[in-house]
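Keep the model open and follow the chain as you read.

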Amino acid sequence: MAYLAPIHRPSSVRHAINLSFLSPTSSDLIVAKANRLEIYSPNPHQPDQLSLQYTRSLYGKVTLLHKLRPATSQTDHLFVGTDHYHYFTLSWDASTKQLRTEKSYVDIAEKSARDSQTGDRVHIDPTSRFLSLECYEGVINVLPIAHAGKGKRKAADNEIGELQDPIPVRIPELFVRSTCFVHKRQAGSKLANPELAVLWEDSTNKVRLKVRELEFTPSLRPAEEPPTAELEKGKDAQGEIELGASHLIPLPPPMYGMLVVGETRIAYVDEWEYRITDTQPLDEATIFVAWCAVDEQRYVLADDYGKLYLLFVLQNNTGEYAGHRLDILGQTSRANTLVYLDAGRIFVGSHQGDSQVIQISEQSMEVVQTFANIAPILDFTIMDMGNRSSDAPVNEFSSGQARIVTGSGAYKDGSLRSVRSGVGLEDVGSIGEMGAPVSAMFSLRSSPESHFVDTLVVGFVSYTRVFRFDVDGEVEEVDHLGGFELAAASLYAGNTSDGRIVQVTGSAVIVSHTETRTITSSWSLPDGRSITAVAAEGDSLLVSIGGAELVVLDLSNVSSERLEARTRRTFESEEQVSCIALSKAVRDVCVVGFWQESRVAFLSLHDLQPIATERVADSFDTSAVPRSVVLANILQDAPPTLFVGLADGNVVTYTVQSPQQPFTSRKSTILGTQQANFTLLPRGDGVLDNVFATCEHPSLIYGQEGRTVYSAVTAETAQSICSFDSEAYSGAIAIATEEGELKLAMVDEERTTHVQTLRVGETVRRIAYSTELKAFGLGTIKRVLRAGVEEVTSSFKLVDEVAFQELHTVALNEDELVECVMRCQLDDGSGTGETAERFVVGTAYLDDAPQQQTKGRILVLEVTEERRLKVVAELGLKGACRCLAVVLGRIVAALVKTVVIYALEYQTPSHPFLVKKAAYRTSTAPIDICVTGSTIAVTDLMKSVSLVSYKPGRGGVPDTLSEIARHYETLWGTAIANVAENTYLEADAEGNLVVLQHEVNGYSDEDRRRLRPVSEMLLGEMVNRIRSISVQPTATAVVVPRAFLATVEGSIYLFALISPGKQDLLMRLQALLAERVKSPGHVPFAKWRGFRSQVRDMGGEGPTRFVDGELVERYLEAPVEVQVDVASELGREVEELRGMVEGLRRMH
């Protein structure tokens, strides 16, 4: 029984439209991302920016968008078409702030028809009487739009603008590249028949242009016979059309006619004889992929290489066409759709790069907003930042310690994306630019009677500034605070238990009253010595003097003008202090980090003698020095946790059972390449704490359901933070950025997915990660256009795991492309059986490469001590190497038609070579493989999955590869992974997911040779890669995570197996919600999620033993009466169901 939940929603944009949807006067952008609609409107505070207003998933992948305006509506309606050949119309319900279905889905599927090879298209004719739908080759569905006719044909007022039933019309033109309705001159009051221009490619590969007249005959007896439509009359365009013609642009009155956009020229076709009367060559050949109209004369075009062009149509004195001019505007992401917004702003929707809003000006443009997109995900790997110890379990994605690193985008838009669970920060106020880097910040109460902090002390390198807030949140800078010395840098500022304020500078400790400005007591150092670190808790203050001496001061004594040192200790030169901490979690104890030997010790505050000492670093690396420590109560009803931030970016945690036993349950997490500085953020209950780690990858560390969660935070430039729980800004934090800005922010309560980007500028086709080498191996492809000729090169790169810095690159041969990459442990040639970490790369030569014996290669690379790549073995192949794996220490290579086992053997310790040991021939071509023990699962191009067993030879008997089981069904596989013992998850090219089980204990040989499908569901997106994970489940876990899936549309899903005791409950819950929760368009859930392929369609039955987590989580958003009804049907309490579903949501 399988469970699927989205971690990252689809981000690829293929379709978008601008319309007045939310209100009659609004200008709204609706973007389709796979099966999701997102509605954006101009930000009232930043009019040139778009802000997300609403998002909703549909039961179908969106392929068509258009706008309609019925006569009775003050706003536009949205026409939506899906890949299931459904269409429906939606409007916006302003009272409920929800989408409203105006016309339920209509199914125009034809099993006998062939899908359109060039994409679906929708048009409305210039007179708004007809809508055309193109979903099949040679078929156009004509939908009449009700209009105000005469006599018996007159439509009712409430029907004007509504869509009528579709009329399929056949045309002989196949492989249509582009279509459009052309504008016609009207003679008299009678409207002329619309004319549809069709740009198509004939059987001889010649491109032709045909203009067909749409003849519509309404029915005189609608109840008995339907209306008819014909596209019989037509006229061929005169003149030669170039082979690269791809788009038709209809020109409005008074120009009329149309433009034919090609790869080398743009031609004008007149309206009378449809003759090509003007052709202008392009300055440089290119491939245009999208266009949109700015106004009647200006059009924006985008090409396949990310260039944006402005096409200006010239007019003569009578307004007719008189030529055109094409100018380059600039560079954007490769566009899939262009939408003109307003005031020169254009939305560039992209599938293989970030979507953008650009502002065009005279022969130039500027990107004003960017929307992150991680599609298409070609490959990904899982970097478990928390699994730095060999005995540590794998962390769940929701813990924030597991990071998914994807190879995203294509060519110049190619990038590495780091996807991590985290929380966002919402800015609530800006104090302003500080003009200098902030070194530390502290919040305090200016009055003993105050229950809230109201003063923010900001420390700089050589001075201090103070900001005070009133009850309404207004802020002002003050030039004094008690007896504070503002001309010196503040290392610490805070309150004593009786409300006095404390300042620690580099040379003194000052305790004073705020009202009288009198210094009640102080403590200072002699000249030449300085305070380097401070820790405070209650009335105890611990200071480090130059790292060589620790002093404990008692702040509770109000009678003495000089603070007395309660105790002090001087350390020898080989034992210097690097960091210190005090905490209410463990009384009368301080935590001290030392520079030498990466030691951390618990010292008694009474005499500063050690109670317990631990070496925290994994190795004797001199950079692994403790630089920041903090003790916090993170988990409810659990001992405190000690966090140690090392200089190399690692964070080591311990469970403190007692001062005598403080170093238990060691775990290590990497957050960057430099030290993490900790700030304690008290929770609202006053008992538990959160910890904010400021570093390269800022993280909020908190406890949830008995585990420690590391959530990424959207504060990449934060340099210093502190809690600022004031009366006006309850629960806020103060943040100082690297740029010197000081602001207040609130931490979001709901965790979401956060994406960080590293631009590569090449297609990251394959990615492998080595924890031992602390590096990624990337197989990349680069494409450049030089003098109108594409040049494609490929290489293998070694990239640092944290800084994402390129360390070394190995270029492949000319016309050779990387196909697959893996890391593995192979024999090191020492003869002792020891292994070494290696990267293995499989390649293929282009089909049009010069004739040669070698069609691909396998390269084995090692990483030297200087972190450079070195090829240690190479093998030429007669075919491409599609994928790689390791079985029993040997390399498994999936070639064009075979799966081959290779062994790395040595002539001498420095000269390894690959030897073929065994082979297995697949049905057509292997696409992906996964290995479990000695069993290799092979997903085939057409013939689903086969299991192959590898047996090493002994005693002169050769190695063997033999098939032990197979799935006997036609599936165009794309990815395979082992998700449980004898259980496999397969994805196919039509967007289906199938869980297959091998009956190893079957009754007969036939049973044991057959892979049985146990769960099936249509995902609706093609999966490129599945990665298995192993998570230790809790005893009460509802589902157990088993794999991550990444798709072409930029989605990442979590696949899990449902615990046996919860299977029936979740299946029934899904069925009940599917009946009660309606999707836009009222498409049934079963039609959307039922398995569907060219061979079999289960849309009437729905998913088989597969639970859609997105639907189950909708239970939390359902109306109360629906929740009660569903709980009653299941015989459960509402709160019990809510708790279970909330737990499922928190998993991701």
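**Charged pairs**

E1129 and R1076 meet through their side chains in a salt bridge, 3.8 Å from N to O. The pair links distant parts of the chain: E1129 sits in helix α5 (residues 1120-1130) and R1076 in helix α2, 53 residues apart. E1129 is partly exposed, at 44% relative accessibility. R1076 is also partly exposed, at 25%. Note that this is a predicted model.

Stay with helix α2 for a moment. The helix has 14 residues, 1063-1076, and at 1.5 Å a residue it should span 20 Å. Its end C-alpha atoms are 20 Å apart, which agrees. Several of its residues are buried, among them L1065, L1066, L1069, L1072 and L1073. Q1063 and Q1070 in α2 are buried too.

Why can such charged side chains pair? Side chains of opposite charge can do so when their charged atoms come close. The whole structure holds 70 salt bridges. One of them joins K210 to D236, at 3.6 Å from N to O. K210 belongs to strand β16 (residues 207-213) and D236 to strand β19 (residues 234-236), so the contact ties together parts that are 26 residues apart in sequence. Buried means under 20% relative accessible area. K210, at 15%, therefore counts as buried. D236, at 44%, counts as partly exposed.

Another salt bridge runs between E575 and R599, with the closest N and O atoms 3.3 Å apart. E575 lies in the loop between β47 (565-570) and β48 (577-582), while R599 lies in strand β50 (residues 599-604), 24 residues away. R599 is buried, with a relative accessible area of 15%.

Now turn to the strands. β36, β37, β38 and β39 form an open sheet in that order, with antiparallel pairing. β36 (440-444) and β39 (475-478) stand at the edges. Each has a single partner strand, so one side of each is left without a neighbour in the sheet. From one strand to the next, the twist averages 25 degrees. Inside this sheet, 5 bridges join β37 (residues 455-459) to β38 (residues 464-469). V458 has R465 in β38 as its bridge partner.

A second open sheet has 4 strands, in the order β52-β53-β54-β55, and its pairing is antiparallel. Its edge strands are β52 (626-632) and β55 (664-670), each pairing on one side only. Here the twist averages 20 degrees from one strand to the next. β54 (residues 650-655) pairs with β55 over 5 bridges. In β55, T669 is the bridge partner of V651.

**An enclosed strand**

How many residues of strand β57 are buried? The count is 6 of the 6 residues, 689-694, so the strand is largely enclosed by the rest of the structure. In a regular strand the side chains alternate between the two faces of the sheet. In β57, D689, V691 and A693 are buried on one side, and N690, F692 and T694 on the other. Both faces are covered.

β57 has partners to examine. β56 (residues 677-682) joins β57 by 6 bridges in the antiparallel sense. There, N677 stands opposite T694. β57 also pairs with β58 (residues 699-704), antiparallel, over 3 bridges. F692 has L700 as its bridge partner in β58. A hairpin of 4 residues connects β57 to β58.

**Two hairpins in a row**

Move on to β64. This strand (residues 763-770) pairs with β65 (residues 775-786) in the antiparallel sense over 7 bridges. S770 stands opposite A775 in β65. Their hairpin has 4 residues between the strands, and K774 takes a positive phi near 55 degrees.

β65 is also joined to β66 (residues 789-800), by 12 antiparallel bridges. V784 has E791 in β66 as its bridge partner. This hairpin has 2 residues between the strands, and A787 in the turn has a positive phi of about 55 degrees.

**A nonpolar patch**

I927, L941 and W972 make a nonpolar surface patch of about 220 Å². L941 is in the loop between β77 (935-940) and β78 (945-951). With a relative accessible area of 32%, L941 is partly exposed.

Definitions and conventions:
Residues are numbered from 1 along each chain as its sequence is written. This is a predicted model: local features need pLDDT of at least 70, side-chain atom pairs count only at pLDDT 80 or more; totals for chains, interfaces and linings use all residues. Side-chain values use heavy atoms; hydrogens and water are left out. Patches are made of residues with over 30% relative accessible area and no salt bridge: like charges are joined within 9 Å, nonpolar side chains (Val, Leu, Ile, Met, Phe, Trp, Tyr) within 5 Å. Accessible areas come from the Shrake-Rupley method with a 1.4 Å probe; for residues, only the protein chains shown count as cover. A salt bridge is a side-chain nitrogen of Lys or Arg within 4 Å of a carboxyl oxygen of Asp or Glu. Buried means under 20% relative accessible area, exposed over 50%, partly exposed in between (1.4 Å probe, protein chains only). Two strands pair if DSSP finds at least two bridges between them. Axes are lines fitted to C-alpha atoms, for helices over the stretch in contact, and angles run from 0 to 180 degrees between N-to-C directions. The expected span of a helix is 1.5 Å times one less than its number of residues.
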